Amino acid sequence: MLYGMAFIRIQDVGKSFETAAGKFFALRDVCLSIEGGEFVAIVGKSGSGKSTLLNLVAGIDRPTQGTVDVGTTAVHRLTENQLAAWRGKNVGVVFQFFQLMPTLTAIENVMLPMDFRGVWPPRERLDRARRLLADVALGDQAAKLPAELSGGEQQRVAIARALANDPPLIVADEPTGNLDSRTADAVFALFTDLVRHGKTIVFVTHDRDLASRASRLITLSDGRIVDDTGGAGRVPVGAGPPAAVPVPSAAAAARVDDGGGPP
Ligand SMILES: Nc1ncnc2c1ncn2[C@@H]1O[C@H](COP(=O)(O)OP(=O)(O)OP(=O)(O)O)[C@@H](O)[C@H]1O
Ligand SMILES: [Mg+2]
């Protein structure tokens, strides 16, 4: 336990890319603290730096300036190999296009992170994967290949996979961006449930309704945080239905995509 310290601490972070036209800053002067158990939505126009920021939180990429600490780990100091090992244990990642292995069945996809990390004994992996699929209401689809599943089902497999090693942090980049609104709702309900069980979730969305249902709303514009609303922190464990999740003000919700929208 880190007394008096936030779970995720981002300090003076910048991320620049060398391009043909010179140095381009995707993020500038970003400072951000996220407590364990927060449910954070990141919004902003296309190109505002949302994925870049999420990738730094997840240790998929490293900042060019500043520091990113998650738990007791200085993520910005890790080498590529150390990053991969750290992610495997600490972060569940969910993508817009699911990114399941097409030649593996649903249950094999869920077992993959466990096989990589090798913490669960081999004989327990199958049982654990079965339980995780049952938790996302796919217990009876375990033997199907991704191509035999609907988009919503594939995303639920991806969420089960993200939970395989029981990471404290889940990051998701437009997790419902490729789903119809009803399926998106079902996927979002799973996230809400995970937060209620103590996970920390940071997700990027263009959907103002979903964003308004997170407990904190961070708006990026041109690589800077221009608004940070909610921050109420923890959703109480055992809190009632999703409606019990603290909701940012209507004014904050109205600002959600910063006038932008999907590209
Ligand atoms: N590898 C890279 N090289 C050069 N520029 C990059 C690179 N990755 C991202 N960028 C630039 O950084 C900016 C932020 O990109 P990012 O992907 O974070 O935006 P985003 O907010 O996630 O947008 P979208 O909503 O379209 O996904 C963009 O202008 C993008 O072109
Ligand atoms: Mg993006």
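A residue counts as near a molecule or strand if its C-beta atom, placed from the backbone, lies within 6 Å of it. With that in mind, I will start at the ligand. This is a predicted model, in which local features need pLDDT of at least 70, side-chain atom pairs count only at pLDDT 80 or more, and totals for chains, interfaces and linings use all residues. Residues are numbered from 1 along each chain as its sequence is written, and chains are lettered from A and ligands numbered from 1 in the order in which they are written.

Ligand 1 is surrounded by 13 residues, and the closest are F17, A26, S46, S51 and T52. Helices (H or I, at least four residues) and strands (E, at least two) are DSSP runs, numbered from the N terminus. At least two shell residues come from each of β1 (8-19), β2 (22-34) and α1 (50-57). The most come from α1, which gives three. By type, the shell holds four nonpolar residues, eight polar and one charged. Here Ala, Val, Leu, Ile, Met, Phe, Trp, Tyr, Cys and Pro count as nonpolar, Asp, Glu, Lys and Arg as charged, and the others, Gly among them, as polar.

Next, the sheet that includes β1 and β2. Two strands pair if DSSP finds at least two bridges between them. The sheet is open, has four strands in the order β2-β1-β4-β5, and its pairing is antiparallel. β2 and β5 (73-74) are the edge strands with a single partner each, so one side of each has no neighbour in the sheet. Between β4 (residues 65-70) and β5 there are two bridges, and D69 stands opposite A74 in β5.

Now β9, residues 216-221. A residue is buried if 20 or more other C-beta atoms lie within 10 Å of its own, exposed if 12 or fewer, and partly exposed in between, with C-beta atoms placed from the backbone. Five of the six residues of β9 are buried, so the rest of the structure largely encloses this strand. β9 runs parallel to β3 (residues 39-43), joined by four bridges, and L217 is the bridge partner of A41. With β10 (residues 224-229), β9 pairs antiparallel over five bridges; S221 is partnered by R224. The two strands form a hairpin with two residues between them, and D222 in the turn has a positive phi of about 50 degrees.

Last, helix α5, residues 151-162. What surrounds this helix? Eleven of its twelve residues are buried, so α5 is largely enclosed by the rest of the structure. The buried ones include E153, R156 and R161.
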